[in-house]
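Please look over the sequence and the model shown here. The paragraphs below go through a few side chains and their surroundings.

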Amino acid sequence: MSTRPNEEHLSCSLLKVTKPQDLLDQLKDQGIEPDGWNVALFKVGDARALGLEISLDKTDSDEGHCLLKAEGGLDYPKIAGKKIAKKTRILNADEIADPESIE
C-alpha cells in the first residue's frame, strides 16, 4: 500500500460510513473502470500499533474519507505501507455486496 506521487498521506475510508461498493462507484464517477480494482480492509488498531494515525477528512464524494499518516501528523512513511499491507485483506465480491457480512 503506497501513496500516489506527490501525496503525503494514504487515503482510506471508514467502513461504518462508506460501503465498499461506494468506493468502486467513485472510480466510475471519475471515469475509471473499476474492473481489476480491489477494496482492502485493515483495522484501525493495527494501523495505530504501527505508529500511524487516522484522521477524518470528509470529501464531497466520501463522508467517511480519512487520511492515514505517521503519528504527529508527519508524512506517511513508505516503510509503513509494507507493514500495514501485511495486516490488510482484500474483500471478496460477497463482502462488497453485503458489508454486514464482513467480520
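With which side chain does the side chain of H65 make a polar contact? The partner is the side chain of S11, at 3.0 Å; a polar contact is a pair of N or O atoms within 3.5 Å, where within protein one must be able to donate a hydrogen and the other to accept it, and residues adjacent in sequence count only if both atoms are side-chain atoms. This is a predicted model, in which local features need pLDDT of at least 70 and side-chain atom pairs count only at pLDDT 80 or more, while totals for chains, interfaces and linings use all residues. Residues are numbered from 1 along each chain as its sequence is written, and side-chain values use heavy atoms, with hydrogens and water left out.

H65 lies in strand β4, residues 65–70 (strands are DSSP runs of E, at least two residues, numbered from the N terminus). H65 is buried at 13% relative accessibility; buried means under 20% relative accessible area, exposed over 50%, and partly exposed in between, with a 1.4 Å probe and protein chains only. Leaving aside residues up to four places away in sequence, H65 touches S11, L56 and K58, among others (contact means heavy atoms within 4.5 Å).

L56 sits in strand β3, residues 52–56, and is exposed at 52%.

K58 is also exposed, at 52%, and forms a salt bridge with E63, their closest N and O atoms being 3.7 Å apart. A salt bridge is a side-chain nitrogen of Lys or Arg within 4 Å of a carboxyl oxygen of Asp or Glu. The count by this rule is two. E95 and R89 form a salt bridge at 2.8 Å; E95 is buried at 9%, whereas R89 is partly exposed at 33%.

Conventions
Helices (H or I, at least four residues) and strands (E, at least two) are DSSP runs, numbered from the N terminus.
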